[in-house]
Amino acid sequence: MKHDELLHTLTGAYALDALTGEEHRAFTAHLRHCETCAEEVDEFAATAARLAAAASVSAPAAMRQTVLRHIETVRQLPPRTQPPAPVRLATVLTRKAGPFIIAASIAAVAAFGGLAAWQHQQTEQARTQVHQATQQAQDLAAVLAAPDARTVQGRTTTGAVTTVITSELRDQAAFVSSGLATPPAGKTYQLWFDDHGTMRPAGLLPHNGTTVMQGDPSNARAVGLTLEPAGGSPQPTTAPLLLLPLPA
C-alpha cells in the first residue's frame, strides 16, 4: 500500500488520539489538503464523544437518597489494638434488655438486613450496566480505530441522521444515529442486515442511538432500520425507516 493510501486508513485512529510520533505528524499534514479525511475525522470524533456518554451509568436515585440519609449516622470505627472477644448478640440482649427491647432490636436487624440486601441488588445491577456499557464503548472504539474502517451516511424517512462504520478485518459494523424520536410505548428500533434481499436481525438500537451491530456484515449489501414490537422480531413487520447501502 502506498504512503498516501495508508494515510487514508488512519482517520479513526487519529480521531481517538491513537497516533503518535511520525504517523501523527504525517497525518496532521495530510488533513490540511484532504477534505474526505477531514470529514471522516469529524464524524469519528463526534461518535467517540457519544461513546463516553454511553459508558456513563448513574447510580439508582433511591440508592443515592438512602446513602445520603444514613451517612451522618454512621460513626467511624477507632483503630483496633487487638481482636475483641466474640460476643453473641442474643447474650447481650438477654442480660441487658427486656423482651420489648429484644423484639425491637430483632426487627431493626431484619430491617437493616433487608436494606442491605436491596442495596446489594441495586449495586450489582449498576455494576452490570456499567460493564455492558463499557464493553459496548470498547467495541465501538475498536471498529472506529480499525485501519480499514469505512463509513456511509444516510437519513431515515423521519429525517434522523445515521452513520454506519464497517470493518472487514474485525467482521463488525457499528451504527450511529442522531435525531431519532423516542419509540412509542411497546415499540423498539431494530437493525437489520440486508443479505441481497433477505433481512437478517442485527440487534436492537439502544436509546442513545449508538451500537455495534450483531452479526457479520461481510455478506450484507445494506443496513436496515425498522420499528418493531418491544423485544424485536425475527423478520421486519413494518416498512423500513432506513435502507442504507454498504460500501462494496
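These legends walk through several close-up views of the structure above.

The model is predicted, so local features need pLDDT of at least 70 and side-chain atom pairs count only at pLDDT 80 or more, while totals for chains, interfaces and linings use all residues. Residues are numbered from 1 along each chain as its sequence is written, and side-chain values use heavy atoms, with hydrogens and water left out.

View 1. Rolling a probe the size of a water molecule over the atoms shows where empty space is left. A pocket is an open set of points on a 1 Å grid over the protein atoms alone, where a 1.4 Å probe fits, with protein on both sides within 12 Å along at least five of seven lines; lining residues have an atom within 4 Å of a point. The largest pocket holds about 440 Å³ of space, the volume filled by probe spheres set on points joined across faces, edges and corners. Look for Arg150, Thr166, Glu168, Pro247 and Ala248, which lie nearest its centre among 22 lining residues. Helix H4 (35–54) and strand S2 (161–167) are the elements that give two or more residues to this lining, and H4 has the largest share, with 3 residues. Helices (H or I, at least four residues) and strands (E, at least two) are DSSP runs, numbered from the N terminus.

**View 2. The largest nonpolar core.** A nonpolar core is a set of buried Ala, Val, Leu, Ile, Met, Phe, Trp, Tyr and Cys residues joined through side-chain atoms within 4.5 Å; buried means under 20% relative accessible area with a 1.4 Å probe, protein chains only. This core has 17 residues, and Val164, Phe175 and Val223 are among those with the most contacts inside it. Strands S3 (172–178), S4 (187–195), S7 (222–229) and S8 (242–245) each give two or more residues, with the largest share, 3 residues, from S4. Beyond its neighbours within four places in sequence, Val223 is in contact (heavy atoms within 4.5 Å) with residues including Trp192, Met213 and Leu244.

View 3. Strand S1 (150–155) pairs with S2 in the antiparallel sense over 6 bridges; two strands pair if DSSP finds at least two bridges between them. Thr151 has Ile165 in S2 as its bridge partner. In the turn of this hairpin, where 5 residues lie between the strands, Gly159 has a positive phi of about 95 degrees.

**View 4. Ala15 and its contacts.** Ala15 sits in helix H2 (11–15). Not counting residues up to four places away in sequence, Ala15 touches Val41, Phe44 and Ala45.

Methods
Buried means under 20% relative accessible area, exposed over 50%, partly exposed in between (1.4 Å probe, protein chains only).
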